[in-house]
Amino acid sequence: MKLDTFFRFSAPSIVIMTLLMVIPLGMAIWLGTQFMTFNNITDPQYVGLRNYTDVLTDPRFWQSLRFTLLYMALIVPAQLVIGFTVALLLDQVSGLARVVYLSIFLLPFSIVPIVGTLMFKQLFEPSGIITYLYQTIFDTRFRYNEVSVKTLIIFHGIWYTTPFALVTYFAGIQTLSQDLLEAASIDGATLWHKIRHIVIPHVRSLTILILLISIMDAYRVFDNVFVLSELNPIYKADTLMTYTFQTAITVQRLGKANAMAILTIVGIMIVLIPNLIQSYQQQMEER
């Protein structure tokens, strides 16, 4: 394909991507250099890099970053392991049973995040069934504190995000040649050997895809933290997104919030670039 033909076909996409990504990003960078509140939103004051300095010297920013990284470090591996394991088990059933199990496992994915989180939280309310079981087993009331709230956020994150890995792995396993598995069985391969040497290499590219998307989703988590912590600072459960929201809406530091958003984008790129490079190298090796 000639270069001019390529640009004629790709020009609409380039224009749309520019309007939807580059321009808002440029505006966010510009707003990050302004002192802006709801009172002077039409006449912001240029302050240079002061907003970025305020962010980098803000203890609550680093606290929210630490919890975000902890959330990401726990959610992403759990999502990969549980999703892959359940996909393997689901591949062993067929017919109506597979449809029923798949529908149950995908239920968290079909619920609006806020609604699903509210339903999850009600289980731990004073009249909730989990609270009742907790009090029956441990003979003490379930209390909301820093540890319990963070634990609930992480467990809800695993519950909500795992179906994505599950359905992706399950679709990948369905493309695996049964002749290859049968040949391995004839050669005396055990189930573990077939999973390790056949199934896992077969879904390696899917693992990278799930990993990249999961990292981005975990880094910008907001909904379940907003509902479960109610943005109460006593729980110290802020993530980068919730703290940015509070900075913009509650504190009304719009310039600082934009600076925080830009730093968050930089952080995402730092986390993703090594994975993108590794993905590219593996794609080149498979050619």
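Leu-212 is buried, at 13% relative accessible area, where buried means under 20%, exposed over 50% and partly exposed in between, with a 1.4 Å probe and protein chains only. The model is predicted, so local features need pLDDT of at least 70 and side-chain atom pairs count only at pLDDT 80 or more, while totals for chains, interfaces and linings use all residues. Residues are numbered from 1 along each chain as its sequence is written, and side-chain values use heavy atoms, with hydrogens and water left out.

**Largest pocket**
- The largest pocket holds about 400 Å³ of space; a pocket is an open set of points on a 1 Å grid over the protein atoms alone, where a 1.4 Å probe fits, with protein on both sides within 12 Å along at least five of seven lines.
- The volume is the space filled by probe spheres set on the points, which are joined across faces, edges and corners.
- Its lining has 20 residues, and Tyr-160, Thr-161, Asp-217, Ala-218 and Val-221 are the closest to the centre; a lining residue has an atom within 4 Å of a point.
- Helices H3 (59-90), H6 (113-122), H8 (146-174), H11 (204-219) and H12 (223-229) each give two or more residues to this lining; helices are DSSP runs (H or I, at least four residues), numbered from the N terminus.
- H8 contributes the most, with five residues.
- The lining of the largest pocket comprises ten nonpolar, seven polar and three charged residues, where Ala, Val, Leu, Ile, Met, Phe, Trp, Tyr, Cys and Pro count as nonpolar, Asp, Glu, Lys and Arg as charged, and the others, Gly among them, as polar.

**Second largest pocket**
- The second largest pocket has a volume of about 280 Å³.
- Of its 14 lining residues, Leu-88, Asp-91, Gln-92, Leu-191 and Ile-195 lie nearest the centre.
- H3, H9 (178-186) and H10 (191-202) are the elements that give two or more residues to this lining.
- By class, the lining of the second largest pocket has nine nonpolar, three polar and two charged residues.

**Individual residues**
- Leu-212 belongs to helix H11, and its C-alpha lies 38 Å from that of Pro-126, 86 residues away in sequence.
- Val-271 sits in helix H14 (residues 254-286) and counts as partly exposed because its relative accessibility is 25%.
- Ile-23, in helix H1 (residues 3-31), is partly exposed at 44% relative accessibility.
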